[in-house]
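Hi,

Here's the structure I said I'd pass along.

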Amino acid sequence: MGPRLPSRRVRDLAFAATTAVATVSGALGHRRIAGLTKPLPMLILAADTAAGAPGRGAADNAGLAGALVFSMAGDVLMFLEEFETEPDAKDRYLRRGATLFAAAQLSYIATMWRAGARPSSKQLLPRVGLLGESATVLARHRPALLPVLGAYGNTLATMSAMASAMPDTQPRLRIGGLAFLLSDLAIINRRHLVRDRRLRIAGEAWVLASYFTAQYLLICGLAERSRRGGPQ
């Protein structure tokens with residue numbers, strides 16, 4: 001027999017604990033601790049997803065793997081961007097990070113499309129409009145980034161709408177899609193509109209906590225749905 005896997009409760013507690021440490025260290029700007037702890041929640045999700053791979057189809061496994069791998073690579077670049085002080089380097093990291101996260105959103109979109117998600121304009125347009133606010137802020141402060149981040153925003157809005165349009169919509173998928181949207185919306189506003197240090201710390205804590213929560217809800221929701229053999 002193979003090694004015994006931790007129980008769901010243990011894995012959830014491990015995810016919550018690592019998320020809390022990564023969130024606090026990132027919000028307070030402790031670079032070394034943040035660098036060590038930020039990958040941990042996603043690694044726990046990846047290990048859990050890999051453990052359940054034999055019970056899912058190849059296409060679903062590929063979609064989940066793409067969402068995880070591209071997100072983790074994007075996390076590295078966003079970490080570098082957060083602590084970089086040279087403007088051109090910050091922009092370079094942000095462009096590359098946004099490109100990788102766009103690939104992660106496309107992986108989610110493909111998985112949800114296969115599952116039958118077909119979002120309506122009523123689900124999609126409000127999300128695109130909401131991200132229009134951050135695009136306006138970006139156009140004022142860092143206009144050179146708008147083409148890349150604007151394209152990423154459209155993939156994020158589409159993923160969030162599709163999460164709400166799953167044929168057997170689970171609350172966790174709908175909440176996960178919205179949390180991801182609101183997390184990214186806060187990034188631009190925090191960095192360009194907030195000057196008070198305490199508010200900036202609170203904003204970064206929200207960005208990190210809501211991001212990890214969104215990934216948990218989306219990955220676990222889609223993984224468990226695929227194992228149950230939901231509509232394809």
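For what follows, a salt bridge is a side-chain nitrogen of Lys or Arg within 4 Å of a carboxyl oxygen of Asp or Glu. Keep in mind that this is a predicted model. By that rule the count comes to eleven salt bridges.

Start with R142 and D91, whose closest N and O atoms are 2.2 Å apart. R142 sits in the loop between α6 (121–141) and α7 (146–163) while D91 belongs to helix α5 (residues 87–114), so this pair ties together parts that are 51 residues apart in sequence. R142 is buried, at a relative accessible area of 14%, and D91 counts as buried too, at 17%.

Next up is R191 with E82, where the closest N and O atoms are 2.7 Å apart. That pair links distant parts of the chain, with R191 in helix α8 (residues 171–193) and E82 in helix α4 (residues 58–83), 109 residues apart. R191 is buried at 18%, whereas E82 counts as partly exposed at 22% relative accessibility.

There's also E81 with K90, at 3.6 Å between the closest N and O atoms; both residues are buried.

How do these fit together? E81, E82, K90, D91, R142, R190, R191 and E204 are linked in a network of salt bridges.

On a separate note, helix α3 (residues 39–51) has 13 residues and reaches 18 Å from its first C-alpha to its last, close to the 18 Å expected. Its residues P41, M42, L45, D48 and T49 are buried. They cover an arc of only 120 degrees around the axis, which puts them on the same side of α3.

Cheers

Notes
Residues are numbered from 1 along each chain as its sequence is written. This is a predicted model: local features need pLDDT of at least 70, side-chain atom pairs count only at pLDDT 80 or more; totals for chains, interfaces and linings use all residues. Side-chain values use heavy atoms; hydrogens and water are left out. Helices (H or I, at least four residues) and strands (E, at least two) are DSSP runs, numbered from the N terminus. The expected span of a helix is 1.5 Å times one less than its number of residues. Buried means under 20% relative accessible area, exposed over 50%, partly exposed in between (1.4 Å probe, protein chains only). The arc is that of the directions from the helix axis to the C-beta atoms.
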